[in-house]
Amino acid sequence: MIFKVPRTILIKVGQVGVGYWGVNVARSFTNTGQAEIRWICDSDEDSANSISLQYPNALVTNNLQDLLSDPTLDAIAVITPTIPHVIIQPNTVFNKKGQK
């Protein structure tokens, strides 16, 4: 018999990119019941502000450094096209976000 132990501590996620796939990924994180979106980061401020209505506890920015400097984040999800992803992702690794 398998018992599922309830997780009482939510993983705090900062998400970079809330375009077509980003909206789905954010929803998937919260649907697990084990994560919460704490930051929304996107170069398109209208998109970021629009999705933030679904995540009222999330802070909104267009500056990746805001996420990198937040010591409370457990992970940063980078949901961007390939070229920006290649530029952004190494910054998250060097800052040990998502390296648990």
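I looked up the surface first: the protein exposes about 6,600 Å², and carbon and sulfur atoms supply 57% of it. I note that this is a predicted model.

Next I checked burial. Of the 100 residues, 32% count as buried.

I then listed the secondary structure. The protein has four helices and four strands, and along the sequence they follow the pattern β-α-β-α-β-α-β-α.

I looked at contacts between residues at least 6 apart in sequence. Of these, 56% join residues at least 24 apart.

Which residues make up the largest nonpolar core? I found 11 residues: Val 13, Val 18, Ala 26, Ala 35, Ile 37, Ile 40, Ala 48, Ile 51, Tyr 55, Ala 58 and Ala 77. S2 gives the largest share, three residues. Apart from this core I found another, of nine residues, including Val 16, Trp 39, Leu 64 and Ile 76. I recall that in soluble globular proteins nonpolar side chains tend to be buried together.

Leaving aside neighbours within four places in sequence, Ile 51 is in contact with Val 18, Val 23, Ala 26 and Ile 40.

Then I turned to H2, where the buried residues are Ala 48, Ile 51 and Ser 52. Seen down the axis of H2, these buried residues fall within an arc of 105 degrees, so they line one face of the helix. An α-helix has 3.6 residues a turn, so residues three or four places apart point the same way. I checked what the buried residues of H2 pack against, and found helix H1 (20-31), S2 and strand S3 (59-61).

Last, I looked at the N-terminal end of H2. Asp 44 caps this end, with a side-chain oxygen 3.0 Å from the backbone nitrogen of Asp 46.

Notes
Residues numbered from 1 in each chain as written. Predicted model: local features only at pLDDT ≥ 70, side-chain atom pairs only at ≥ 80, totals over all residues. Heavy atoms only, no water. Core = buried A, V, L, I, M, F, W, Y, C linked by side-chain atoms within 4.5 Å. Buried < 20%, exposed > 50% of the residue type's maximum accessible area, 1.4 Å probe, protein only. Helix = DSSP H or I, 4+ residues; strand = E, 2+ residues; numbered from the N terminus. Contact = heavy atoms within 4.5 Å. Arc of directions from axis to C-beta. Polar contact = N/O pair within 3.5 Å; in protein donor to acceptor, adjacent residues only side chain to side chain. Areas by Shrake-Rupley, 256 points an atom, 1.4 Å probe, with all protein chains shown as cover.
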